[in-house]
Amino acid sequence: MRNLESLFNEVFDMVGTETRVLEKASNSTALNEKFETLPSGPQREYILQSQIRPIFGKDGINSTPIGTHPDFLHLENGSSRTVNQYVCTLFVDIKGSTRLSLLYPLDLVYKFKNAVIKTCVEVIRSLDGCVHRIMGDAVMAFFGGNATEKEDAIADAINCATTLRAVLEGSIKPWMVRNGIEAKDFGFRVGCDFGDDREVLWGNFGYSNVGEVSATGLPVDMASKLQGLASKNQTMLGQGILNFINWPENYSKIKENTRSGEARQLPIVTPNLTNKNGNPINYQMRLLRYETYIECSALPRSLKASLGDTRVINNTAISYKCYTVTDGNEVEYLPSSRFLEKNVSLIFKVIVNTRINGLYFPLTAIFTKMNNGEDVPMEEREKEYPPVEKVLKKPIPNKFTKSPSQFAKATLNEATLYRGLHTMKCEIVDRNRNILFRDWIGVMIK
């Protein structure tokens with residue numbers, strides 16, 4: 001996989017270069033195991049999109065301009081109409097960049113900030129987000145629309161936040177250090193929340209020539225507050241997301257502050273707002289548990305395995321994928337990329353290249369399921385099911401074939417049942433029980 005720092009360096013070098021030619025987005029799948037080189041020729045825009053979008057099963061590029069969400073263009077030019085429609089709102093703020101103006105020449109500060117902002121914009125658009133506004137060091141974006149399922153809009157927003165952290169942490173900090181820019185105080189914070197149709201109102205604010213079409217509602221406003229309450233390099237999820245998709249506790253945590261040596265939990269947005277009756281609303285918030293969620297995401301296994309505290313073990317000889325099955329036809333399901341309907345047949349499939357040296361057969365594939373969410377019976381919720389073991393033997397040639405098959409396979413049949421995010425872990429051990437491989441596939445269910 002191409003080093004993320006070099007990827008960011010190319011983006012940085014392109015800032016302010018107006019003469020480079022925009023090339024058609026290619027089929028390159030950067031950030032996955034098949035990625036070897038960037039698309040031929042530099043691109044001023046869409047370069048990250050052409051690399052990230054295929055990872056999440058998205059075709060083409062997202063060329064939506066900044067400003068009005070495409071669903072509400074008819075509300076522009078001073079229209080007095082309003083529309084109720086759900087939205088998932090994301091705020092990202094670059095922490096520590098303001099002080100750079102006191103330490104470095106402004107042309108360097110501009111190039112640095114603009115490269116970071118462009119990276120945020122392209123990662124947002126890579127996950128079908130609409131960039132609504134750039135405010136200094138912050139970017140506001142909307143996910144969802146009348147052609148997108150509500151659950152999928154949330155999945156896109158969470159995957160955007162996860163991918164953004166992977167790119168920013170793996171690219172910007174090394175670049176800063178290499179160029180003599182102090183990196184210890186640099187960071188970012190993301191806030192994300194969901195509002196349903198009855199909770200969000202779209203309309204034109206201001207006048208026809210001095211105004212904008214935007215959304216209003218408590219979940220929209222909360223996204224900004226959640227960003228301010230997020231920890232450094234973390235994403236804060238709001239109550240709207242947590243409740244709507246039954247987000248599991250395994251993939252979130254309560255923020256803690258330590259004052260005078262004493263840890264204090266912050267489970268709700270502070271200051272605590274009150275309703276019209278003066279009662280506190282106790283709006284819940286949770287930090288996205290990045291290190292755990294990324295394990296079951298669609299991001300490449302090679303990237304996940306490179307993280308410091310990861311439990312993922314990559315092995316280029318082993319492929320592990322999930323497929324939906326309809327009328328005997330198998331279609332790959334990219335982990336945690338979108339929500340499936342209930343009662344969909346699934347097949348988890350492991351394939352091992354038997355011609356790779358160092359594999360001591362027979363191997364054993366160990367599948368371990370975990371169901372999460374309020375729909376799951378309490379005694380089974382967020383607990384690993386008993387593992388299912390499948391033996392993979394090295395194929396032996398018979399009288400009809402002179403050479404054995406190149407691959408050994410194991411499969412496990414399942415089906416979607418409970419709403420929320422669920423996982424299937426697969427571990428491969430050799431005949432001596434040495435672990436060769438470990439990965440999770442997240443399955444999102446409506």
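Modeller: Glu414 has a relative accessible area of 26% and is therefore partly exposed, a class lying between buried (under 20%) and exposed (over 50%), computed with a 1.4 Å probe and protein chains only. The model is predicted, so that local features require pLDDT of at least 70 and side-chain atom pairs count only at pLDDT 80 or more, while totals for chains, interfaces and linings use all residues. Residues are numbered from 1 along each chain as its sequence is written, and side-chain values use heavy atoms, with hydrogens and water left out.

The side chain of Glu414 forms a salt bridge with that of Lys369, at 3.4 Å from N to O; the term requires a side-chain nitrogen of Lys or Arg within 4 Å of a carboxyl oxygen of Asp or Glu. This pair joins distant parts of the chain, since Lys369 belongs to strand 17 (residues 363–370) and Glu414 to strand 19 (residues 407–415), 45 residues apart. Strands (E, at least two residues) and helices (H or I, at least four) are DSSP runs numbered from the N terminus. Side chains of opposite charge can pair when their charged atoms come close.

Glu414 also touches Phe348: leaving aside neighbours within four places in sequence, the contacts of Phe348 include Glu414, Phe367, Leu412, Met424 and Ile441, where contact means heavy atoms within 4.5 Å. Phe348 and Trp247 touch the most other members of the largest nonpolar core, which has 92 residues. Such a core is a set of buried Ala, Val, Leu, Ile, Met, Phe, Trp, Tyr and Cys residues joined through side-chain atoms within 4.5 Å. Helix 5 gives this core its largest share, 13 residues. Apart from it lies another core of 13 residues, among them Phe72, Val83, Trp202 and Val220. Val220 is also one of the buried residues of helix 6, which include Met222, Leu226 and Leu229.

Helix 5 (residues 150–178) also holds Arg165, which counts as buried at 10% relative accessibility. A polar atom of the Arg165 side chain lies 3.0 Å from the backbone oxygen of Asn233. Beyond its neighbours within four places in sequence, Arg165 is in contact with residues including Phe188, Gln234 and Tyr290.

In one of them, the closest N and O atoms of Arg125 and Glu45 are 2.5 Å apart. Arg125 lies in helix 4 (residues 106–126) and Glu45 in the loop between helix 1 (4–14) and helix 2 (47–52), so this pair ties together parts 80 residues apart in sequence. Arg125 is buried, at 6% relative accessibility, whereas Glu45 is partly exposed, at 27%. Salt bridges also link Arg53, Lys58, Asp128 and Asp156 in a network.

Over the whole protein there are 9 helices and 21 strands, and buried residues make up 52% of the 446 residues. Of the contacts with a separation of 6 or more, 71% are between residues 24 or more positions apart.

How values were computed: A polar contact is a pair of N or O atoms within 3.5 Å; within protein, one must be able to donate a hydrogen and the other to accept it, and residues adjacent in sequence count only if both atoms are side-chain atoms.
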